[in-house]
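This report describes a protein model through its ring contacts, core, pocket and selected residues.

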Amino acid sequence: MNFVLRFVLRVAITIAMMILGGRAGAVTPNDPSGTWLVEDGRARVRLERCGPSRDRICGFIVWMKEPADKRGLPYRDKENPDPDKRARALLGHQLIMGLQATPEGRFAGEIYNAEDGKFYSVSLWRDSADRLKLRGCLIKLLCQTQTWQQTLDVQPGQLVGLTGDLNGPRADKEWAQVPPPKPTQAKAK
C-alpha cells in the first residue's frame with residue numbers, strides 16, 4: 001500500500017510541475033526545465049535538472065507520436081554504440097546529456113541521435129516563456145536550429161512519472177541521480 005501511495009504522490013507532483021510550466025524549482029527565468037514538443041511534432045522531451053549538484057540539464061523522450069513499429073513492437077535504440085543500450089526502448093531514453101550553463105545564459109553540451117547512434121554538440125535557450133531554441137552542430141560550420149514549444153497537457157502514452165520511477169523515463173547510468181554520501185564517523189584510536 002505504501003508503494004501505491006508513493007507512486008500516486010509522485011505522479012501528482014509531476015502533473016503539478018507540468019501545470020506550473022515546469023518552473024517549479026527553476027533557478028532563473030532562462031531555466032529550460034519543462035516538457036517540450038519538438039519542431040516536427042514527433043516527440044515530447046522533458047528537460048530537468050540533473051547531476052550531483054542539480055546544476056546541469058538532462059532531457060528524456062517522454063512521448064512519441066509513433067512509439068511502436070508496424071508489428072506493435074516499441075522502437076529500440078538499435079544504433080547505439082553501447083551494446084548494452086541497443087535493446088532499450090526509445091520512449092523514455094535520455095537524449096540530452098548534462099548540459100552546462102554558459103556565460104551567455106544558454107546551456108551547452110551533447111545530444112544523442114538514436115537514428116544514427118551518434119552524439120552532437122548542442123546548445124539550448126528559452127526564446128520566450130513558452131518557446132525553446134535548440135541549436136545542434138555536426139561541426140561548427142554545419143549547424144541547425146529548431147524551435148520547441150512548451151506543453152502543459154498530457155498526451156495518451158506520455159510518461160508522467162519521475163525520472164527512474166515506474167511510469168517515468170530512465171537516466172543513463174552516468175546521469176542517474178547520485179545518492180548523497182553517507183556521513184562517516186571518525187574511528188576512535
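## Charges over rings

The charged end of arginine 44 lies over the ring of tryptophan 63, at 5.6 Å from the ring centre. Arginine 106 has its charged end over the ring of tryptophan 125, 3.6 Å from the centre. A charge is said to sit over a ring if NZ of Lys or CZ of Arg is within 6 Å of the ring centre and within 35 degrees of the ring normal.

The model is predicted: local features need pLDDT of at least 70 and side-chain atom pairs count only at pLDDT 80 or more, whereas totals for chains, interfaces and linings use all residues. Residues are numbered from 1 along each chain as its sequence is written, and side-chain values use heavy atoms, with hydrogens and water left out.

## Overall arrangement

The protein contains one helix and eight strands, in the sequence order α-β-β-β-β-β-β-β-β. Helices (H or I, at least four residues) and strands (E, at least two) are DSSP runs, numbered from the N terminus. Of its 189 residues, 37% count as buried; buried means under 20% relative accessible area, exposed over 50% and partly exposed in between, with a 1.4 Å probe and protein chains only.

## Aromatic pair

One aromatic pair is counted, where rings of Phe, Tyr and Trp (its six-membered ring) pair if their centres lie within 6.5 Å, with planes under 30 degrees apart counting as stacked, over 60 as edge-to-face and the rest as tilted. The ring centres of tyrosine 112 and phenylalanine 119 are 5.1 Å apart and their planes lie at 50°, so this pair is tilted. Tyrosine 112 is buried, at 3% relative accessibility, while phenylalanine 119 is partly exposed, at 39%.

## Nonpolar core

A nonpolar core is a set of buried Ala, Val, Leu, Ile, Met, Phe, Trp, Tyr and Cys residues joined through side-chain atoms within 4.5 Å. The largest such core has 29 residues, of which Leu47, Ile96, Leu124 and Trp148 touch the most other members. At least two residues each come from E2, E3, strand E4 (94-101), E5, strand E6 (118-128) and E7. E3 gives the most, with six residues.

## Largest pocket

The largest pocket holds about 1100 Å³ of space. On a 1 Å grid over the protein atoms alone, a pocket is an open set of points where a 1.4 Å probe fits, with protein on both sides within 12 Å along at least five of seven lines; lining residues have an atom within 4 Å of a point. Grid points are joined across faces, edges and corners, and the volume is the space filled by probe spheres set on them.

The pocket is lined by 34 residues, and Arg42, Leu95, Asn113, Ala114 and Glu115 are the closest to its centre. Strands E2 (43-50), E3 (56-64), E5 (107-113), E7 (131-139) and E8 (142-150) each give two or more residues to the lining. The lining comprises 18 nonpolar, five polar and 11 charged residues; Ala, Val, Leu, Ile, Met, Phe, Trp, Tyr, Cys and Pro count as nonpolar, Asp, Glu, Lys and Arg as charged, and the others, Gly among them, as polar.

## Individual residues

Arginine 54, in the loop between E2 and E3, has a positive phi near 55° although the residue is not glycine. Arginine 54 is partly exposed, at 39% relative accessibility.

Leucine 99 belongs to strand E4 and is buried at 0% relative accessible area. Its C-alpha lies 6.5 Å from that of cysteine 58, across 41 residues of sequence. Leucine 37, in strand E1 (residues 34-37), is partly exposed at 27%. Leucine 37 and arginine 131 are 94 residues apart in sequence and 9.6 Å apart in space, C-alpha to C-alpha.
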